[in-house]
Number of protein chains: 2
Amino acid sequence: MTDRAPEDLVRQLAFLNEADRLKSVERATTLNDGSRQENSGEHSWHVALYAMVLDGQAEPDVRLDRVIKMLLLHDLVEIDAGDNPIHAPTSDPAQQALAEKTAADRIFGLLPEAQAIEFRALWNEFEAAESPDARFAKAMDRVQPLQTNLALDGKLWEMHGVTEEQIRRRVGNPISKGARTLWDHLSAKLATHFAVKS
Amino acid sequence: MTDRAPEDLVRQLAFLNEADRLKSVERATTLNDGSRQENSGEHSWHVALYAMVLDGQAEPDVRLDRVIKMLLLHDLVEIDAGDNPIHAPTSDPAQQALAEKTAADRIFGLLPEAQAIEFRALWNEFEAAESPDARFAKAMDRVQPLQTNLALDGKLWEMHGVTEEQIRRRVGNPISKGARTLWDHLSAKLATHFAVKS
């Protein structure tokens, strides 16, 4: 539990104002109707809803409340470090990782100390993608844009010259690690999509 | 837990695709920098983050996981019924309430039955604003646009001709019912804002 002391509250409200800027970070993915780029704020809502709806696809030891917290926080570093698209990643991963760590220091550092430590630990866990909770959260973060691509009949994949093999490696692997039965279903849809296209 | 049966999964993914449309519902509020209208998808993310950060302001019996679920779902009916701005509400509240109920029937009805019932119950509880969880969730839903208005030095209030008394009634009441200490803090900020303006 956080403190009710006014000084802590001032810091919390400043953090929440800063978080507003995530709504201005554009992703490579569009909305499902292709009308505009998606931003990282609305994406964060959608993946949290994915976790809530697809909870039954998680391993039995996964704690949904922790998964949702990770997903609400997972992209905040992009306020400083920008989005790093999965199909057009930065040419300098070490530089990107450093930028994200620096961003995490600054942004979570706006919070009262105990909460900054708690939120940073959740973000670190998500990034490491090793715990059952983080693996399910990562799977949700990959399923949502896959669904958008399928809704758009692969238009974004075509635009970026992405192959089925690349999707299976970059998107399929993290999904199957966190939600195997879900991936079996999506893998079949993907195969059908590319069979029709080829 | 939801079922892993493929038919249920197909319904869940259809629901999640439909939810994407919430990103195209515009609210009366803008981003904190005033650059554009906020949409109800990114708003839903932001208020869930508000609950996570301000959890310590809730009454001791409030369950944060249920509050966050309510906030992730609370605006989905707007896909069909549109946003109903607090400072420029519809002239026909009964018609709006009916439109929202019809929307809830259709949208939650996309889900497998057990999950449809669960989500609808959470939405009903939020709308009733009587349980401690729902009162805290409602408070978060009101605090976030209040913060935006303060960040914009009251520009949106001026545009819509909103008085301090109206803000205290429409926004202050629900906040104080769910998070009294938080409201004491914001009430003082509001008084200062209008003292300077007058």
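What follows is a walk through a predicted model of two chains, from their pairing down to single residues. Residues count from 1 along each chain as its sequence is written, and chains are lettered from A in the order in which they are written. Local features need pLDDT of at least 70, side-chain atom pairs count only at pLDDT 80 or more, totals for chains, interfaces and linings use all residues, and side-chain values use heavy atoms, with hydrogens and water left out.

Start with the pair. Two copies of a chain are related by a rotation about an axis and a shift along it. The same surface serves both copies, with 100% of the contact residues of chain B recurring in chain A. Contact means heavy atoms within 4.5 Å.

Now the interface itself. Chain B gives 54 residues to the contact, and chain A gives 54 residues. Together the chains bury about 4800 Å², and 63% of that is on carbon and sulfur atoms. Buried area is the accessible area (1.4 Å probe) that two parts lose on being put together, summed over both. The rule finds 25 residue pairs in polar contact across the interface, both residues at pLDDT 80 or more. A polar contact is a pair of N or O atoms within 3.5 Å; within protein, one must be able to donate a hydrogen and the other to accept it, and residues adjacent in sequence count only if both atoms are side-chain atoms. Several elements of chain B each supply at least two residues to the side that touches chain A, among them helix 1 (6-19), helix 6 (113-128) and helix 10 (180-197). Helix 2 of chain B gives the most, with ten residues. Helices (H or I, at least four residues) and strands (E, at least two) are DSSP runs, numbered from the N terminus.

Which charged pairs cross between the chains? The rule finds two salt bridges across the interface. Side chains of opposite charge can pair when their charged atoms come close. A salt bridge is a side-chain nitrogen of Lys or Arg within 4 Å of a carboxyl oxygen of Asp or Glu. E38(A) pairs with K23(B), with the closest N and O atoms 2.7 Å apart. K23(A) pairs with E38(B), also with closest N and O atoms 2.7 Å apart. This second pair runs from the loop between helix 1 and strand 1 (26-30) of chain A to strand 2 of chain B. E38(B) counts as buried, at 0% relative accessibility. K23(A) is buried too, at 2%. Buried means under 20% relative accessible area, exposed over 50%, and partly exposed in between (1.4 Å probe, protein chains only).

K23(A) has a further partner within its own chain. D20(A) forms a salt bridge with K23(A), the closest N and O atoms being 2.6 Å apart. D20(A) is buried at 4% relative accessibility. Over all chains, the structure holds 34 salt bridges.

R169(A) and E165(A) pair with their closest N and O atoms 3.1 Å apart. The two are four residues apart in the helix, so about one helical turn separates them. R169(A) is partly exposed at 43% relative accessibility, and E165(A) is partly exposed at 46%. Elsewhere, salt bridges that share partners join E18(A), R21(A), D80(A) and R106(A) into one network.

Return to helix 2 of chain B. At its start, a side-chain oxygen of N39(B) reaches to within 2.8 Å of the backbone nitrogen of G41(B). Of its 14 residues, 14 are buried, so helix 2 of chain B is largely enclosed by the rest of the structure.

Helix 7 of chain B spans residues 132-151. At 1.5 Å a residue, its 20 residues should span 28 Å, and the end C-alpha atoms are 29 Å apart, which agrees. The expected span is 1.5 Å times one less than the number of residues. In helix 7 of chain B, 16 of the 20 residues are buried, so the helix is largely enclosed by the rest of the structure. D153(B) follows, with a positive phi near 55°.

Finish at strand 1 of chain B, where T29(B) lies. T29(B) is buried, with a relative accessible area of 10%. Leaving aside neighbours within four places in sequence, T29(B) is in contact with Q37(B), E38(B), P145(B), T148(B) and L156(B).
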